[in-house]
Amino acid sequence: MAEVLMNRPPAITWHRLRANGTLVELPGAAPLGDADMAGWLAANTADRRQVELTCGEEAAVQMDIDAVAGEVAVHAVDVIAPAGARGRVTVHVDGDGAAGADGSTLGLAIRVKAEAGARVELELLQTLGMGFTYVESVDLDLAADARVALSQTELGASRTFAGVAAELAGDGSETQIDVRYLGRGRAQLDFNYALRQTGRETRTNLVANGILADEARKTLRDTIDLVHGCFGSVGEETETVLLLGERTSNISLPVILCDEEDVQGSHGATIGHV
Amino acid sequence: MPTGSSSSAARRFLPKRLRPKAPVSKVAAAEERASVIDVDRSRYDFIKSEEGSERLAAGLTPDIVREISARKEEPVWMLEHRLRSLEIYNSLPVPDWGPPLDGLHMDNIVTYVKPPTDIKSDWESVPDDIKDTFERLGIPQAERAYLAGVGAQYDSELVYHNVQNTAAKAGIVYEGFEEALKNPEYEPIIREHFMKLITPEDHKFAALHGAVWSGGSFVYVPAGVTLDFPLQSYFRLNAKGAGQFEHTLIIVEDGGSLHFIEGCSAPKYNVANLHAGAVELFIGKGAHLRYSTIENWSKNMYNLNTKRALVGEDGDVEWVSGSFGSGVGYLYPMSILNGARACCEFTGITFAGATQNLDTGCKVVLNAPDTSARVDAKGISKDGGIQTFRSSVVVTEKAEGADVFVSCSNLMLDDRSRSDTIPAMDVRAKRVNIGHEASIGRIGDDMLFYLMSRGLSEQEARTTIVNGFANPVSKELPLEYAVEMNNLIKLEMEGMEGAIG
């Protein structure tokens, strides 16, 4: 077992709020380098695939990953989108595993490199059984005028740790992230989004909608980082949480870091019940 | 989709236009309201001689703490509290989540400076230099015009304290904290409440305060008593390289009502000064307290102040906060809503200019049914200033029916400055309605163009827009304080002529 710090945000706050990252024990090999999500994923990656999109014809790639109860497995996928390429990559992670199946852990590490003018849609769907721990890391690297649309749907697993890091270095690049989740039973969902805008006239839009039932617990951190020089950029985030359980726990940390004048940053959050 | 208890929210939050307004000063003539007051920096940035003052050695040791306590002839329990606080201070880490405190060296800070006077109750008895200080700050004039009582602290001690007869006859107590501590009628009350809301374990600078606190005020409002005019405390730190650690304790009993105003300033030095005061507010059932602050410490000041309110059933607390000074600031007034239907409102503005790193905001804990909170915070940064809005909303399992809305707007006036928002929400009840919104941006070119086309210079246009941005805060203050706040904005906005729009 290894102790790993998951989802530390770029800017931390009061420690007693328990939002500055989550320390967990994970099975498998100890992390390489820092004891964080990236380190643990790198240490336990056994399967790496590459998907290269092409210009002209819009590709659609479907991957189904079946997790095996009782095992630790990390799958890495590199999506390469050359200049002008278009395509959609769909990854469905599934596996039976009732609560109590020790050590069932699945990791998914996705890197998307979108060159100038590329258009990439990435759809991630997770429907693991409640016996699983799920670790999902997405890194997005956008060049000029690239567009990446990320859709994440987390419906299963007893523990889900999802981290997305986007680097919008190319002028005019954009990313749209839609997150949907359902927490049931005593599920723990832990998210971290770090959206760093360094190019001019970049756009980010994060929309997170989720439902917490029973005694589910959720922490969602999202950081829009408007770095000096990103003139004309816009960063937006919206979160909506529907509380259905009497003993749920919701922690939200929507952060805007702004080091540039000619930008717009905004966020909104609504948490409530029917 | 999520909905909340909107009818109870409507009942709890009267529109501000329907609320009783703060009393208007007799001296607020029409010509004063209409005139543009010339900005006078010397009003704040003047130094008085320290001749006659007594300074303890710099640093923080048990002997220094004992010396402070001995000078005050305190009860034994207070000395024990101080020494325990010092131990806690030495055991706690410096915060790692906020602005750097590298320039603050406690070995160089003088924690106690006694001015050359004891506390007086008439201004004519106050030594000339000190009296002149407060006259330049407008305190005696304000007292004559519209205040029910004034406390004036100079370095580590109160130098003036007075309360109007009408307030005293109503049973309102407004005393220097140390004087009240020596009063057998008040000492038990103080002991019951002192540092129970802000404990030394809370954070390192709360522990520091517990060890070296000095001066401050004790206020007690009996049940059912309303004070129509505000009480004010003003804190002036004149001594170079010193700290001010006043303690304000206010108890408003059931059904009572009070408006308390505090102001502060200091001359600028090239060494660090430190402010680590504490404000503890206890608000009873159905009681009301408005706590207004205009903070204008000099830019060599580390302002590490802690303010906390505990609100009972059907009680409410209003914070009105204008932060314009200090080089480094950590300031988060906190409200603990501990009784059903208790509520709080926070309205604040922070202006971070050159060399300033101001980390401000608020905290709310909703710990009872049908409690509610409204937060309206604004921030401005310019000339390389760093302004951070930091907040925490915690809704416990006991807070079914909680209703919260937090709004934060930050304005950046140039590309050399920085503005961050770091709000956090921790919700553990189901039937709640929690909303949050924040925005960061710049002055729109269209707004500037419109005002300049009406004959305003660029600086005037920017100042007008910033004043409008700050209006939600200034309109909550008595007129004289709103004018001071607008003056401070004007001070900060100097030099914007020719800035890129």
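Which side chain is joined to that of Thr22(A) by a polar contact of 2.5 Å? The partner is the side chain of Asp190(A), where a polar contact is a pair of N or O atoms within 3.5 Å, one able to donate a hydrogen and the other to accept it, and residues adjacent in sequence count only if both atoms are side-chain atoms. This is a predicted model, in which local features need pLDDT of at least 70 and side-chain atom pairs count only at pLDDT 80 or more, while totals for chains, interfaces and linings use all residues. Residues are numbered from 1 along each chain as its sequence is written, chains are lettered from A and ligands numbered from 1 in the order in which they are written, and side-chain values use heavy atoms, leaving out hydrogens and water.

Thr22(A) belongs to strand S2 (residues 22-26) of chain A; strands (E, at least two residues) are DSSP runs numbered from the N terminus. A polar contact of 3.1 Å also joins its side chain to that of Arg221(A). Thr22(A) has a relative accessibility of 14% and so counts as buried, a term for residues under 20% relative accessible area with a 1.4 Å probe and protein chains only. Leaving aside residues up to four places away in sequence, Thr22(A) touches several residues, including Val4(A), Met6(A) and Phe161(A), with contact meaning heavy atoms within 4.5 Å.

In chain B, Val364(B) sits in strand S20 (residues 357-366). Val364(B) is buried because its relative accessible area is 2%. Among the residues it touches, beyond four places in sequence, are Ser335(B), Leu337(B) and Cys344(B). Val375(B) is 11 residues from Val364(B) in sequence, and their C-alpha atoms are 9.4 Å apart.

The cavities come next. A cavity is a set of points on a 1 Å grid over the protein atoms alone where a 1.4 Å probe fits but cannot get out, and its lining residues have an atom within 4 Å of a point. Volume is the space filled by probe spheres set on the points, which are joined across faces, edges and corners. There are three cavities of 30 Å³ or more.

S10(B) contributes the most, three residues.

Technical notes
Helix = DSSP H or I, 4+ residues; strand = E, 2+ residues; numbered from the N terminus. Buried < 20%, exposed > 50% of the residue type's maximum accessible area, 1.4 Å probe, protein only. 1 Å grid on protein atoms, 1.4 Å probe; cavity = no way out; pocket = protein on both sides within 12 Å on 5 of 7 lines; lining within 4 Å.
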